[in-house]
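Please have the model open while reading this note. The points below can be checked one at a time.

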Amino acid sequence: MNRYPLWKNLIIAITLLVGLLYTLPNFYGESPAIQISPLRITAEAGLPLLQKVEGTLKKHGLINEGTLVEGNSIKIRFADTDVQIKARDILQSELGTDYIVALNLIPNSPEWLNSLGGLPMYLGLDLRGGVHFLLQTDMDGALSKALDRYSSDIRSTLREQKISSAGLDRQDSQLIIKFRDELLRSKAEAELKKIYSDLDVRTQDTGRDFRLLVSIKPEAQTRMQSATIQQNISTLRNRVNELGVAEPVIQQAGTDRVIVQLPGVQDTAKAKDILGRTATLEIRMVDDENDIDAALRGQIPFGTELLTERDGGAILVKKQILLTGDRITDAQPGFDSDNQPAVHVTLDSNGARIFKQLTRNNVGKRMAILLVEKNRAEVVTAPVIREEIGGGRVQISGRMSSMEARDVALLLRAGALAAPMEIIEERTVGPSLGADNISRGFNSTLFGFLAVAIFIMLYYRAIGVISILALGANLLLLISLLSILQATLTLPGMAAIALTVGMAIDANVLINERIRDELRNGLTPQLAISAGYERAFGTIVDSNITTLIAGIALFAFGSGPVKGFAVVLCLGILTSVFTAVTVSRAMVNLIYGGHRKLEKISIGTVWKPKAVKR
């Protein structure tokens with residue numbers, strides 16, 4: 001008798017029920033929506049804002065299909081993209097610059113499914129549409145900035161230790177510190193080696209002076225590059241969060257590149273603008289001692305840089321960076337005392353201390369606040385320092401519009417990039433192309449499934465029908481697992497699902513053929529079923545383990561779409577073994593297991609060799 005104990009049948013039934021429950025959200029689809037988030041961190045998107053939004057939509061005759069307050073943002077669902085875009089433009093105009101109004105997509109799953117944690121799979125860029133960027137980090141620029149920081153720190157160290165030098169110059173990728181006697185150089189060398197473990201300090205005698213050559217050690221450069229790319233990824237993630245994008249892909253590609261994929265983003269121009277603008281803030285001193293006219297003729301003094309102010313005027317600024325944007329804790333758009341748009345910046349404790357000391361030591365001099373975008377530095381403002389400024393609050397104002405002040409605040413608040421980045425590749429996948437990819441991927445899986453089902457049912461009859469039901473259970477469990485894990489399904493992932501359909505039926509074919517062999521050998525149907533499943537199990541496990549190892553290797557060494565393919569393949573192998581061995585056996589037991597005198601089973605024609613007559 002082939003029967004499972006009750007507990008085993010219950011486990012199989014519950015597993016299938018849970019699989020069905022978490023697969024359901026994928027059938028409801030998504031609706032175009034608008035996400036409204038307050039620009040200020042301290043502001044809330046609550047009931048007053050929701051009432052204002054609903055009133056605005058009603059006033060303009062725009063019908064929404066539901067609103068949702070989620071976290072600190074409001075989502076409004078619409079019937080189609082035309083109404084969605086029109087509502088976005090109106091709300092952006094009515095709400096002003098205090099809120100970010102972004103286009104988005106939200107699932108149509110019923111509330112009871114959402115409360116159970118049932119969410120649809122995230123669809124990748126190639127299925128949902130969106131934008132893909134490949135950004136390259138300027139590592140030379142990062143190392144150059146690091147050398148500038150070391151230059152400033154070494155000056156401070158020598159000053160604190162009262163070691164006088166004859167000058168500090170920079171030549172390519174090293175710093176040259178000159179001394180008048182060997183004793184001072186030895187003292188400085190010992191001090192620098194003790195404090196700066198990442199620097200390589202060497203001596204050089206020229207006959208005229210005694211020099212220390214300082215450069216960054218190769219291992220420190222490698223560590224610095226790794227830290228730079230990680231900080232840039234973190235900064236980009238903050239900026240993407242400001243856009244309100246769900247499930248973005250931001251990952252390192254190679255040693256100096258970053259891939260950014262924003263599925264579902266329809267406002268691509270805004271995304272490119274925010275990501276592409278690599279704004280960092282720098283505070284330096286203005287050089288008013290040298291002649292600006294001489295600099296305009298090409299005679300730029302050493303240690304200074306000729307830059308442009310917002311009004312187009314030239315200004316000489318010292319290269320030494322006194323404070324950078326990584327000390328910023330908050331930046332908000334607002335207005336200055338003259339009611340002109342401005343950005344109010346708050347510094348952390350170290351930044352506040354540095355800024356206080358900077359203003360105390362330079363009263364009466366001009367300080368330049370620079371906004372560096374795409375390797376181009378622009379002097380936003382260059383005010384005269386009237387008095388010491390404490391408290392860590394800095395106001396940036398100067399010939400900027402309200403929109404520009406808001407964008408600058410957003411960029412500064414999202415964090416400064418450790419090194420400049422440039423978009424070197426951009427691809428846009430439209431929503432219609434994504435829908436076409438989904439349709440093609442779904443059809444390929446469906447037709448593959450139907451072709452396999454027709455063949456198996458014709459060849460194995462009733463047992464073939466059970467195999468196909470097990471194959472359907474395999475698909476159900478695979479999709480539910482992807483939904484529970486909130487994995488991102490891409491086109492290669494859909495290819496892996498189609499492949500899983502073909503591979504999963506192999507296990508059932510092995511079992512069915514083994515049962516036929518046992519019948520051919522003269523065993524009774526009940527014994528043939530039992531022996532068929534038991535003897536095929538080892539072969540099924542062996543063959544799937546080898547494929548699983550290949551899938552794990554793909555996941556470990558692949559990237560992007562290859563990893564997505566590997567994840568779906570590995571999960572598909574696990575579910576196919578479970579359904580082929582356990583679920584199909586449970587159904588066979590249910591149909592044939594209760595018959596004490598089973599005469600035959602419907603498994604197609606069992607060919608038997610003809611007896612040899614003697």
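1. **Ground rules.** This is a predicted model, in which local features need pLDDT of at least 70, side-chain atom pairs count only at pLDDT 80 or more, and totals for chains, interfaces and linings use all residues. Residues are numbered from 1 along each chain as its sequence is written, and side-chain values use heavy atoms, with hydrogens and water left out.

2. The order is S7-S8-S10-S9, in an open sheet with antiparallel pairing. Strands here are DSSP runs of E with at least two residues, helices are runs of H or I with at least four, and both are numbered from the N terminus. Two strands pair if DSSP finds at least two bridges between them. Strand S7 (167–171) and strand S9 (199–205) sit at the edges, each pairing on one side only. From one strand to the next, the twist averages 25°. Such angles run from 0 to 180 degrees between N-to-C directions, with axes fitted to C-alpha atoms, for helices over the stretch in contact.

3. **The S9–S10 pair.** How many bridges join S9 to strand S10? Seven do, and the two strands run antiparallel, with S10 spanning residues 210–216. Asp205 has Phe210 of S10 as its bridge partner.

4. **Helices on this sheet.** Helix H7 (residues 182–195) packs on the sheet and touches S8, S9 and S10. Its direction makes about 15° with that of S10. Helix H6 (residues 139–160) lies across S7, strand S8 (174–179), S9 and S10. H6 runs at about 20° to S8. Contact means heavy atoms within 4.5 Å.

5. **A further four-stranded sheet.** The strand order is S11-S12-S6-S22, again open and antiparallel. Strand S11 (249–253) and strand S22 (421–429) are the edge strands, each with pairing on one side only. The twist here averages 15° from one strand to the next. Inside the sheet, seven bridges connect strand S6 (residues 130–137) with strand S12 (residues 257–263), and the two run antiparallel. Gly130 stands opposite Pro263 in S12. As background, strands of a sheet pair through backbone hydrogen bonds, either parallel or antiparallel.

6. **Nonpolar cores.** Which residues have the most contacts inside the largest nonpolar core? They are Ile515 and Ile601, in a core of 46 residues. Helix H13 (431–484), helix H14 (491–520), helix H15 (525–557) and helix H16 (561–592) each supply at least two residues of this core. H13 gives the largest share, 13 residues. A second, separate core has 21 residues, among them Ala146, Leu147, Ile177 and Leu212. A nonpolar core is a set of buried Ala, Val, Leu, Ile, Met, Phe, Trp, Tyr and Cys residues joined through side-chain atoms within 4.5 Å. Buried means under 20% relative accessible area, exposed over 50%, and partly exposed in between (1.4 Å probe, protein chains only).

7. **Around Ile515.** Leaving aside neighbours within four places in sequence, Ile515 is in contact with Ala528, Ile529, Gly532, Tyr533, Ile601 and Ile603.

8. **Salt bridges.** The count is 18, where a salt bridge puts a side-chain nitrogen of Lys or Arg within 4 Å of a carboxyl oxygen of Asp or Glu. Arg284 and Glu282 meet at 2.8 Å, N to O. Arg284 counts as buried because its relative accessibility is 6%. Glu282 is buried too, at 5%. Salt bridges with shared partners also join Glu182, Arg185 and Asp205 into one network. Arg88 bridges to Asp89, with the closest N and O atoms 2.9 Å apart. Arg88 is buried at 15%, whereas Asp89 is partly exposed at 43%. Lys178 pairs with Asp169 at 3.3 Å between the closest N and O atoms. Asp169 is partly exposed, at 24%.

9. **Thr304.** This residue lies in strand S14 (residues 304–308). Why does Thr304 count as buried? Because its relative accessibility is 7%. The Thr304 side chain reaches the backbone oxygen of Pro301 at 2.7 Å. Not counting residues up to four places away in sequence, Thr304 touches Asp287, Leu316, Val317, Lys318 and Lys319.

10. **Ser226.** Helix H8 (residues 218–243) holds Ser226. Ser226 is partly exposed, at 41% relative accessible area. The C-alpha atoms of Ser226 and Thr255 are separated by 7.7 Å, with the two residues 29 apart along the chain.

Methods:
Polar contact = N/O pair within 3.5 Å; in protein donor to acceptor, adjacent residues only side chain to side chain.
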